[in-house]
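Hi,

Here is the structure I promised to pass on.

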Amino acid sequence: MTFHGTSERHSFTIYSSSAEVVAGSAAWLGRGLSCVCAQRRESDARPSFDLTPAQEECLQTLQNRIDIAYDNSIPEHQEALRALWNVAFPEEELRGLISEQWKEMGWQGKDPSTDFRGGGFISLENLLFFARNFPKSFQDLLRKQVGDRSLWEYPFAVAGVNITFMLIQMLDLEAVKPRTLVGATFLKFLAENDSAFDLLYCITFKLMDREWLAMHASYMDFNTVMKATRRQLEKELLMEDISRLEELPSYDLLDQ
């Protein structure tokens with residue numbers, strides 16, 4: 001895999017036996033990701049929370065997005081992938097939807113569609129939303145321009161897919177009704193802003209990178225960083241007097 005580092009690209013081989021360690025491994029996206037993000041805790045067994053009609057409608061709309069798998073035969077999906085490249089590397093022409101160039105963004109190989117299996121089409125939409133609404137933060141993370149970076153950095157794009165998956169699990173978005181307080185709280189934000197999931201994704205990506213830098217993490221620490229990110233995010237979402245995602249402390253990490 002090729003990593004887009006602070007000033008140069010580093011390459012190394014990922015072995016499937018390292019499934020729970022390396023974010024760029026296809027096996028990690030399957031078995032390992034469930035270990036990191038989908039852990040069940042006793043607190044998850046709470047009774048479900050009632051929803052307003054508006055919240056039910058917003059949740060169903062979001063669930064419909066989550067259910068869409070990435071399909072490289074669909075023109076809309078192809079165009080979205082091209083659009084992601086164009087906003088990420090406007091100075092470099094993409095030679096094809098299957099190209100070694102994709103490794104520059106932190107995909108596992110030359111075909112990004114193989115990495116979307118962990119997050120579906122919504123994970124591509126999340127990346128596009130991030131790039132278009134917070135271009136400076138997006139570029140800083142893509143090119144690892146901020147902070148004292150590790151020699152072995154996390155792969156940007158695959159980390160993004162993992163963040164999408166983690167948020168779906170944390171917020172219990174595939175349930176008919178939220179079964180956790182953090183999930184119920186998020187639906188209040190979603191009812192007020194239909195882009196709330198995409199915005200929370202951007203906040204989470206920056207928060208994850210802050211945790212990464214604070215821990216002086218390397219690629220073997222990615223699981224630990226993701227767990228710390230989830231804990232901090234849950235804490236912020238449950239803070240009193242927060243009525244909009246823009247009021248979360250970690251929102252201030254984002255630069256336009």
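This is a predicted model: local features need pLDDT of at least 70, side-chain atom pairs count only at pLDDT 80 or more; totals for chains, interfaces and linings use all residues.

**The core**

The largest nonpolar core has 70 residues. If you want places to start looking, the residues with the most contacts inside it are Met105, Trp107, Phe186, Phe205 and Leu237. The helices that give two or more residues to this core are H2 (53-66), H3 (75-88), H4 (121-133), H5 (135-142), H6 (156-170), H7 (181-192), H8 (196-214) and H9 (222-237). H8 supplies the largest share, with 11 residues.

Setting aside residues up to four places away in sequence, Leu237 touches Met170, Leu171, Val182, Thr185, Phe189, Leu200, Leu245 and Leu248.

H7 has 12 residues and reaches 18 Å from its first C-alpha to its last, close to the 16 Å expected at 1.5 Å a residue. Buried along H7 are Val182, Gly183, Ala184, Thr185, Phe186, Leu187, Phe189 and Leu190. The cover over these buried residues includes H2, H6, H8 and H9.

The axes of H7 and H8 come within 9 Å and cross at roughly 120°. On the H7 side the contact is made by Phe186, Phe189 and Leu190, and on the H8 side by Ala196, Phe197 and Leu200. What kind of residues make up this contact? There are six nonpolar, no polar and no charged ones.

**H4 against H8**

H8 also packs with H4, at an angle of about 75° and with the axes 9 Å apart. That makes H4 roughly perpendicular to H8. H4 brings Ile122, Glu125, Asn126, Leu127, Phe129 and Phe130 to the contact, while H8 brings Phe197, Asp198, Leu199, Tyr201, Cys202, Phe205 and Lys206. This set divides into nine nonpolar, one polar and three charged residues.

Ala131 is also found in H4. Is it buried or exposed? Ala131 is buried, because its relative accessible area is 6% and the cut-off for buried is under 20%. Ala131 and Leu84 are 47 residues apart in sequence, yet 7.7 Å apart in space, C-alpha to C-alpha. Beyond its neighbours within four places in sequence, Ala131 is in contact with Val87 and Phe138.

**Two more residues to look at**

Gln55 lies in helix H2 and is buried, with a relative accessible area of 11%. Leaving out neighbours within four places in sequence, Gln55 is in contact with Asp50, Leu187, Lys188 and Ala191.

Lys177 sits in the loop between H6 and H7 and is partly exposed, with a relative accessible area of 29%. Although Lys177 and Leu51 are 126 residues apart in sequence, they are 7.3 Å apart in space, C-alpha to C-alpha. Again leaving aside neighbours within four places in sequence, Lys177 is in contact with Ser48, Phe49, Asp50 and Asp172.

Cheers

Key:
Residues are numbered from 1 along each chain as its sequence is written. Side-chain values use heavy atoms; hydrogens and water are left out. A nonpolar core is a set of buried Ala, Val, Leu, Ile, Met, Phe, Trp, Tyr and Cys residues joined through side-chain atoms within 4.5 Å. Buried means under 20% relative accessible area, exposed over 50%, partly exposed in between (1.4 Å probe, protein chains only). Helices (H or I, at least four residues) and strands (E, at least two) are DSSP runs, numbered from the N terminus. Contact means heavy atoms within 4.5 Å. Axes are lines fitted to C-alpha atoms, for helices over the stretch in contact, and angles run from 0 to 180 degrees between N-to-C directions. Angles under 35 degrees count as roughly parallel, over 145 as roughly antiparallel, 65 to 115 as roughly perpendicular and the rest as oblique. Ala, Val, Leu, Ile, Met, Phe, Trp, Tyr, Cys and Pro count as nonpolar, Asp, Glu, Lys and Arg as charged, and the others, Gly among them, as polar. The expected span of a helix is 1.5 Å times one less than its number of residues.
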